Protein chains: 2
Amino acid sequence: MTLAETAYDALRRDIVRGVLAPGKPLRMAQLSERYGMGFSPLREALNRLQAERLVTSIALRGFSVAPLSMAEMWDTINTRVLIEQRALRLSIELGDDDWEAGIVSALHGLMLQSARAVEANADEQKLLEDRHRGFHLALIAGCGSSWLLEFFQRLYVEAERYRYPMLQQRNVEHHRDIQAEHAALSQATLARDADLACDLLAEHYLRTARFIEAQMAAAPQAQTA
Amino acid sequence: MTLAETAYDALRRDIVRGVLAPGKPLRMAQLSERYGMGFSPLREALNRLQAERLVTSIALRGFSVAPLSMAEMWDTINTRVLIEQRALRLSIELGDDDWEAGIVSALHGLMLQSARAVEANADEQKLLEDRHRGFHLALIAGCGSSWLLEFFQRLYVEAERYRYPMLQQRNVEHHRDIQAEHAALSQATLARDADLACDLLAEHYLRTARFIEAQMAAAPQAQTA
DNA sequence: GCAAGTCATATTTTCGAAAATAATGAAATT
DNA sequence: AATTTCATTATTTTCGAAAATATGACTTGC
């Protein structure tokens, strides 16, 4: 892997996890020391991240971590529902045996990890997050549209920034609820019931959004610092 | 404007217009001479373009112009219809006086330019293209969603790559048809008839796509070279 | 004849310094 | 006291060369 790719991954992770707080200016000298490399690979990573809206920049005044806001969170969730409902319908219509197998496998992996993650360390957290994305990706992987899949990835990362504080929670009941939703969603999808699956998907995301909004209202400084 | 921004604009224009053919490898030394600058600003531009899918890259093997295909054109058009129909419905629901004024103004400018562009030089072509994007943007500018607006921009640029050969045509009848569609679309939107406006929008894009497909079948080497 | 290894060349990637620009603060002016 | 000017410092942006890696031709052994 090149240094630029290393920088991209590291910056992305640190931004999503809030280690680099929203709005924080990213100075080249500082980043160079933090990640142990010269300016070139860092600029390269920052430019990619800017195109993905995780970073903002003004010419000759440098980069900073993109800010967060409740309005943007709702926009992200609503757009996500639009994109994923369409992709899910297409997958249900077009999906083949491999697509079905992918869902079963992803759900299985997610359940295993989810059971373990309540008492988790950082590595297990990351694995759970990967499996979670893997599951939602598996649902729509049969849609046949590279644009829908790309927009899914973009919106997933953005949503992850808002979801991160929630992931830190070790609430057993909450984990169990989410697992049940995943199972129901997977079941409706495999039964090729598009209307039901789309409803469950929307409800799944809206529930999360409402939860985050409530949490944010209680402790707004956590993320929008 | 920084050199990196200059490079970004120039590369983008040359890719969209097919001056740099799809699939063509982009060698740093070559680009450096062509655009009269060092590697740094070029890499910066290429990274942004890669994130926007106008350019592909493989680590240590450099960049190349992203390829075109009929399958991808249809994916682009279909996704565009999804995004813009949603954005149009939201605009019709939420749009204020400024939004309405923007549509009237954009349509007016487009008509003026369109009448002139049949006998056009390169500058008028570019102005027409800007006005065309301006009009479609004006229709959905009231939607209140930065994600929908960003995806609109992304898909517009991609579609422009396919549409470019068509733009070269000096067919008066064809221009008149397109103008009529724009007028009808604008009218339905301002009348707040969401269902009709969405139908007209979809038909507008599908007609273009079918036209391009027919043209491509007749002379496939023009773009997919 | 053909695969695997080896060297020379072409190309990308990275660094470190120089150039260009912005931010800061002190002195001068109104 | 407030504003402007100007130098100083901090920071980004760009360049040119060095390092790292890929490519392709050529040889060698089978």
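Me: In β3(A), which residue is the bridge partner of Thr56(A)?
Reply: The partner of Thr56(A) is Ser64(A). This is a predicted model, and the bridge is computed from its atoms.

Me: How many residues lie between β2(A) and β3(A) in the hairpin?
Reply: There are 3 residues between β2(A) and β3(A). One residue of the turn, Leu60(A), has a positive phi of about 65°.

Me: How do you know that β1(A) pairs with β3(A)?
Reply: The two strands are joined by 2 bridges and run antiparallel. The rule asks for at least two, so β1(A) and β3(A) count as paired. Within β3(A), Pro25(A) has Ser64(A) as its bridge partner.

Me: Why are β1 and β2 of chain A placed at the edges?
Reply: In chain A, 3 strands make an open sheet in the order β1-β3-β2, with antiparallel pairing. β1 (25-26) and β2 each have a single partner strand, so one side of each has no neighbour in the sheet.

Me: What is the strand order in chain B?
Reply: The order in chain B is β1-β3-β2, again an open sheet of 3 strands with antiparallel pairing. Its edge strands are β1 (25-26) and β2 (55-58), each pairing on one side only. Antiparallel β1(B) and β3 (residues 62-65) of chain B are joined by 2 bridges, and in β3(B) the partner of Leu26(B) is Phe63(B).

Me: Why is the link between Arg43(B) and Glu44(A) called a salt bridge?
Reply: The closest N and O atoms of Arg43(B) and Glu44(A) are 2.7 Å apart. The limit is 4 Å, so the pair qualifies. The pair crosses between chains, running from helix α3 (residues 39-51) of chain B to helix α3 of chain A.

Me: What makes Arg53(B) and Glu150(A) a salt bridge?
Reply: For Arg53(B) and Glu150(A), the closest N and O atoms are 2.5 Å apart. That value is within 4 Å, so this pair counts too.

Me: How many salt bridges are counted between chain A and chain B?
Reply: The count between chain A and chain B is 6. Over all chains it is 24.

Me: What area is buried between chain A and chain B?
Reply: The buried area is about 2600 Å², and carbon and sulfur atoms give 55% of that. Chain A puts 28 residues into the contact and chain B puts in 28 residues.

Me: Why is the relation of the chains that of a two-fold axis?
Reply: Chain A is superposed on chain B by a rotation of 180° with 0.0 Å of shift along its axis, at an RMSD of 0.1 Å. That rotation, with that shift, is therefore the relation of a two-fold axis. The same surface serves both copies, since 100% of the contact residues of chain A recur in chain B.

How values were computed. Residues are numbered from 1 along each chain as its sequence is written. Chains are lettered from A and ligands numbered from 1 in the order in which they are written. This is a predicted model: local features need pLDDT of at least 70, side-chain atom pairs count only at pLDDT 80 or more; totals for chains, interfaces and linings use all residues. Side-chain values use heavy atoms; hydrogens and water are left out. Contact means heavy atoms within 4.5 Å. Buried area is the accessible area (1.4 Å probe) that two parts lose on being put together, summed over both. A salt bridge is a side-chain nitrogen of Lys or Arg within 4 Å of a carboxyl oxygen of Asp or Glu. Helices (H or I, at least four residues) and strands (E, at least two) are DSSP runs, numbered from the N terminus. Copies are superposed by least squares on the C-alpha atoms of residues with pLDDT of at least 70 in both.
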